[in-house]
Amino acid sequence: MYAVVGCSECSNLWILEGRSETSKCPRCGARKAYEKRKKFVETDDAAHARDVRASMLANRQGEGEAFAKLDSFAELEIDVADGVVDETEYLEEAGLDADEIEAAGDRDPRGPTRRGSKQEIVKRALEALEQPTEDEIVAYAGERGVSTEYVRKALEKLTRRGVVSESRGRYRLL
């Protein structure tokens, strides 16, 4: 059993399932005995109760005519099968090409992303490349948004601190 009930305190409308001794308004928290609640409709059909409540809410807002043009909840649920609109259908209804959007998600227009500090990127270049030259390190870091000037200064500082060694134009982490 479903009942569309109203709150005498705040005028909220909601649907009660079953018949408990008391009910509490979900909006203001006013508690009343089930028998004292104003019941606008009692039905065995949950969809019918939702339709009645929705109609009452629409009429309160002056949208009764617009609501009358809509399908019932049961018919709307059938239209969207499991209650969820498919992502592809949603995008296409919005006038977008779902395949193009999917392909765009697979690429980053900025190229490889910069992760970590600039110094960490320089160190990763030294780890990833086997005996790299300064130009190879500059290219690796440049793809990740680190400037040539920074790479050269960082290599010089790392070499002075003994973190990196340079021999015949080739670098390696120590």
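## The main core

Let's start inside the protein: its largest nonpolar core has 15 residues, and those touching the most other members are Val122, Leu126, Ile137, Val151, Leu155 and Tyr171. A nonpolar core here is a set of buried Ala, Val, Leu, Ile, Met, Phe, Trp, Tyr and Cys residues joined through side-chain atoms within 4.5 Å. Buried means under 20% relative accessible area, exposed means over 50%, and partly exposed is in between (1.4 Å probe, protein chains only). At least two residues of this core come from each of helix 6 (118-128), helix 7 (134-143) and helix 8 (148-161). Apart from this core lies another one, of eight residues, including Ala3, Cys7, Leu16 and Cys25.

Which residues does Leu155 touch, leaving aside its neighbours within four places in sequence? They are Val122, Leu126, Glu134, Ile137 and Tyr171, where contact means heavy atoms within 4.5 Å.

## What kind of model this is

This is a predicted model: local features need pLDDT of at least 70, side-chain atom pairs count only at pLDDT 80 or more, and totals for chains, interfaces and linings use all residues. Residues are numbered from 1 along each chain as its sequence is written, and side-chain values use heavy atoms, with hydrogens and water left out.

The protein has eight helices and seven strands. Both are DSSP runs numbered from the N terminus: helices are H or I with at least four residues, strands are E with at least two. Of the protein's 174 residues, 24% are buried.

## Helix 7 against helix 8

Two packed helices are described by the angle between their axes and the distance between the axes. For helix 7 and helix 8, the angle is about 130 degrees and the axes are 9 Å apart. (Axes are lines fitted to C-alpha atoms, for helices over the stretch in contact, and angles run from 0 to 180 degrees between N-to-C directions.) So helix 7 and helix 8 are oblique to each other; under 35 degrees counts as roughly parallel, over 145 as roughly antiparallel, 65 to 115 as roughly perpendicular, and the rest as oblique.

Helix 7 brings Glu134, Asp135, Ile137, Val138 and Ala141 to the contact, and helix 8 brings Thr148, Val151, Arg152 and Leu155. Sorted by type, the contact residues are five nonpolar, one polar and three charged. Nonpolar covers Ala, Val, Leu, Ile, Met, Phe, Trp, Tyr, Cys and Pro, charged covers Asp, Glu, Lys and Arg, and the others, Gly among them, are polar.

## Helix 6 against helix 7

Helix 6 packs on helix 7 at an angle of about 125 degrees, with the axes 9 Å apart. That makes helix 6 oblique to helix 7, and this crossing is right-handed.

Who meets whom? Ile121, Val122, Arg124, Ala125, Leu126 and Ala128 of helix 6 meet Ile137, Tyr140 and Ala141 of helix 7. Here the contact residues divide into eight nonpolar, no polar and one charged.

## A few residues to look up

Where does Gln131 sit? You'll find Gln131 in the loop between helix 6 and helix 7. Its phi is positive, about 45 degrees, although Gln131 is not a glycine. Gln131 is exposed, at 51% relative accessible area.

Ser11, in the loop between strand 1 (2-6) and strand 2 (13-17), has a positive phi of about 65 degrees, and Ser11 isn't a glycine either. With 41% relative accessibility, Ser11 counts as partly exposed.

Terms used:
Left-handed = near helix turned anticlockwise from the far one by under 90°.
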